[in-house]
Amino acid sequence: MRHVETPVLIVGGSLVGLSMSVFLAHHGVQHLVVERHPGTAIHPRAAFLMQRTVELFRGVGLQEEVIAAAEREFEQNGAIVAVESLSGRELQWFFENINEGVEHLSPSPRIFVTQIGLEPVLRARAAALGGQLRYSCELVSLQVEEDGVTALVRDRGTGEESTVRAAYAVAADGVRSAVRQQLGIQMAGHGSFSDSITIYFRGDVRPLLRGRNLSVVYVVNPRLQGFFRFSFDGRSGFLVVNSALDGDGNRTTAIGATATEADCVRYVRDALGAPDLPVEIEDVQRWNAAAEWAGRFRAGRVFLAGDSAHVMPPTGGYGGNTGVHDAHNLAWKLAHVLDGRAGADLLDTYQAERLPVARMTVEQAYTRYVTRLDPGLGTDGLEPVIDDALIDLGYRYRSRSIVDDDVDVDAEWEDPRAPTGRPGVRAPHVTLRRGDTELSTLDVIGCDAVLFTGPDGTAWVRAVQRLGAPLAVCRVGAGGDVDDPRGEFAKAYGIGPSGASLVRPDGVVAWRAREAVDDAGEAVGAALARVFCR
């Protein structure tokens, strides 16, 4: 029997597993991905990427490729609207342009790209960076031990089995995660509330669009509730149906068990408001709409990420984004622990940071589902709606890797339109200039932590040089490494001309000193020890 040894085993090679592969490879971590399907996605799921997700891909040099893939599939900067039917009355506009009002918050846009378009880009980059990917390969068993994990995997084509020994495993194996079930990790939340279907169809909807650039179309009428997305050419699309009338004229959420091809044609025509439109059904996928999160994101040397850790309805488009953010948070921590730059306790901060964010995001997706599609689930006790920019860019981590200061220490998030630079939040985007090149503060962040200082921060620079720590330094302002042409850096990061802000490799502010201190070396050394759990 073949035996493989690798630092990290990733179970599942879809959006989140491939993102984890790219991020680990970017940090130079060898790993193996096993994916039971023969290749990348064949259905256009997870079509919305939020700004933070595109930022993370920008950080590994993929932003332009991802945007190009998006533009091949969809007209960008579209609207999100609710209608009685595509040809009928418009009920509510949630966004007239998904990037309107948020362009200045990030160097990266919100985009629409399906997993069909995105996953090949991730697969190619992961492979180019040395990631090992095995498709048509399923996990048979996983044994978790104190010093590592041992997996038995099987090639689904040949039946050949092999063992994999890894220091750590990441379960990115989806909603019905076999790894999570084996570990006995229970889910909490609202459970499942719809046996839904996604209908992939062909039909010329261009006359019904009437020139409108619609990225997501919620359909709410007496016959059904769900939402559309359409292809670039307006000749195909998919319709999600969450509830509809049954044969007796009663509303039901049990759609998937009984839907026939004739039912699907009728659903599409009802949602389009075009009873005679020629419609060809290409495929129908059955799935459960649910809003849940795992009680734990870690069990020993195994970590949950993506849908194995949290499941949310598609309202808001948060699910895939949250999973990519999971992967990014975990990848640098595994890299630093594996090569000895950080203590093993740093890995405990993955659950401490990501579980509260996932729980909040699931609740926001559920609130939107109830209020947009199914008020019959009950609106009592719903979490109040938070602005999408806060969900995407404004969440705040609380863990031993974050050194709180005295500004709103209990705040769970902040509005990225009014950044404070407080520890635990994403490092604010500020436009800088190096010579003739414009760049973002986020572009300065690489595989190591970065110490940003004000223009009078030379004491911090000398202190880092004396420490010899794996830490980049960037002095911002007149005479520094980069210019601050708009004069926004100090306010955004909450420091003065002689202050400093320590940003982790994942772009999260971990510590700051508002002004100079008596012993800069001691202050930076203590902060690094705390952040890297040494």
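The points that follow begin with the whole chain and then turn to single residues.

1. Basis of the note. This is a predicted model, in which local features need pLDDT of at least 70, side-chain atom pairs count only at pLDDT 80 or more, and totals for chains, interfaces and linings use all residues. Residues are numbered from 1 along each chain as its sequence is written, and side-chain values use heavy atoms, with hydrogens and water left out.

2. Secondary structure. The protein chain contains 14 helices and 25 strands. Both kinds of element are DSSP runs numbered from the N terminus, with helices (H or I) having at least four residues and strands (E) at least two.

3. Overall dimensions. The radius of gyration of the protein chain is 24 Å, which agrees with the value near 24 Å for a compact globule of 534 residues. This radius is taken over C-alpha atoms, and the globule rule is 2.2 Å times the number of residues to the power 0.38. Along its principal axes, the C-alpha trace spans about 80 × 60 × 45 Å.

4. Burial and surface. Of the 534 residues, 59% count as buried. Buried means under 20% relative accessible area, exposed means over 50%, and partly exposed lies in between, with a 1.4 Å probe and protein chains only. The chain exposes about 20,900 Å², of which carbon and sulfur atoms supply 47%. Such areas come from the Shrake-Rupley method with a 1.4 Å probe, and for residues only the protein chains shown count as cover.

5. Contacts along the sequence. Among contacts between residues at least 6 apart in sequence, 67% join residues at least 24 apart. A contact here means heavy atoms within 4.5 Å.

6. Charge. The protein chain has 54 positive and 70 negative side chains, and the centres of these two sets lie 1 Å apart. Lys and Arg count as positive and Asp and Glu as negative, while His and the chain ends are not counted. Each charge is placed at NZ of Lys, CZ of Arg, CG of Asp or CD of Glu.

7. His-310. This residue lies in strand S19 (residues 310-311). His-310 counts as buried because its relative accessibility is 1%. Its side chain forms a polar contact of 2.5 Å with the side chain of Asp-326. A polar contact is a pair of N or O atoms within 3.5 Å; within protein, one must be able to donate a hydrogen and the other to accept it, and residues adjacent in sequence count only if both atoms are side-chain atoms. Not counting residues up to four places away in sequence, the residues that His-310 touches include Trp-293, Phe-297 and Val-362.

8. Met-312. The loop between S19 and helix H8 (319-338) holds Met-312. With 12% relative accessibility, Met-312 counts as buried. Beyond four places in sequence, its contacts include Tyr-318, Thr-322 and Val-362.

9. His-325. Helix H8 contains His-325. Is this residue buried or exposed? His-325 is buried, since its relative accessible area is 5%. Leaving aside neighbours within four places in sequence, it is in contact with Arg-52, Thr-53, Leu-56, Arg-354, Asp-392 and Tyr-395.

10. Arg-398 is in the loop between helix H10 (388-393) and strand S20 (431-434), and at 35% relative accessibility it counts as partly exposed. The side chain of Arg-398 makes a polar contact of 3.4 Å with that of Asp-404. Arg-266 belongs to helix H7 (residues 261-272) and is partly exposed at 36% relative accessibility. The side chain of Arg-266 makes a polar contact of 2.9 Å with that of Asp-263.

11. Arg-210 counts as partly exposed, with 45% relative accessibility.
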